[in-house]
Amino acid sequence: MYVGTLSFDLLLGDVHSLKEKRSVVRPIVAELQRKYGVSAAEVEHMDLHRRAVVGLTMVSGDAGHLSDVLDRCERLVAGRPEVELLSVRRRFHGDDD
């Protein structure tokens, strides 16, 4: 069994309230969940309106498949024009850990 996690540190564009922030972050989280079957949520900076950290995790029996899905998730978030991807943290845990 392999477990992979990603956390995306995001700077949001022209956002002036927490309500506007939710309207940017929720569609990203929903698309990650729908398209790739990962568990995803906003996990940090809940009280800041221009910053967000979105975390996701996935479990797989195949390390190659897991790595491929995490790569696709990273490309999806990096390609969103309404956010600037400041950093990505990736963790990979296998049976040997």
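The model is predicted, so to speak of provenance first: local features need pLDDT of at least 70, side-chain atom pairs count only at pLDDT 80 or more, and totals for chains, interfaces and linings use all residues. Residues are numbered from 1 along each chain as its sequence is written, and side-chain values use heavy atoms, with hydrogens and water left out.

I begin with the charged pairs. A salt bridge here is a side-chain nitrogen of Lys or Arg within 4 Å of a carboxyl oxygen of Asp or Glu. The search of the whole structure returns eight of them.

One of these pairs Glu42 with Lys21, where the closest N and O atoms are 2.8 Å apart. Glu42 belongs to strand E2 (residues 39-44) and Lys21 to helix H1 (residues 18-36), so the bridge ties together parts that are 21 residues apart in sequence. Helices (H or I, at least four residues) and strands (E, at least two) are DSSP runs, numbered from the N terminus. For accessibility, buried means under 20% relative accessible area, exposed over 50%, and partly exposed in between, with a 1.4 Å probe and protein chains only. Lys21 is buried at 2%, whereas Glu42 is partly exposed at 21%.

A second bridge joins Arg72 and Asp68, at 3.1 Å from N to O. Both residues lie in helix H2 (residues 63-78), four residues apart, about one turn of the helix. Arg72 is partly exposed at 39%, and Asp68 is partly exposed at 30%.

Glu74 and Arg90 form a further salt bridge, with closest N and O atoms 3.2 Å apart. This pair links distant parts of the chain, Glu74 in H2 and Arg90 in strand E4 (residues 83-93), 16 residues apart. Relative accessibility is 27% for Glu74, which is partly exposed, and 34% for Arg90, also partly exposed.

I turn now to H2 itself. Which residues of H2 are buried? They are Leu66, Val69, Leu70, Cys73, Leu76 and Val77. In general, an α-helix has 3.6 residues a turn, so residues three or four places apart point the same way. The buried residues of H2 pack against strand E1 (2-12), H1, strand E3 (51-60) and E4, contact meaning heavy atoms within 4.5 Å.
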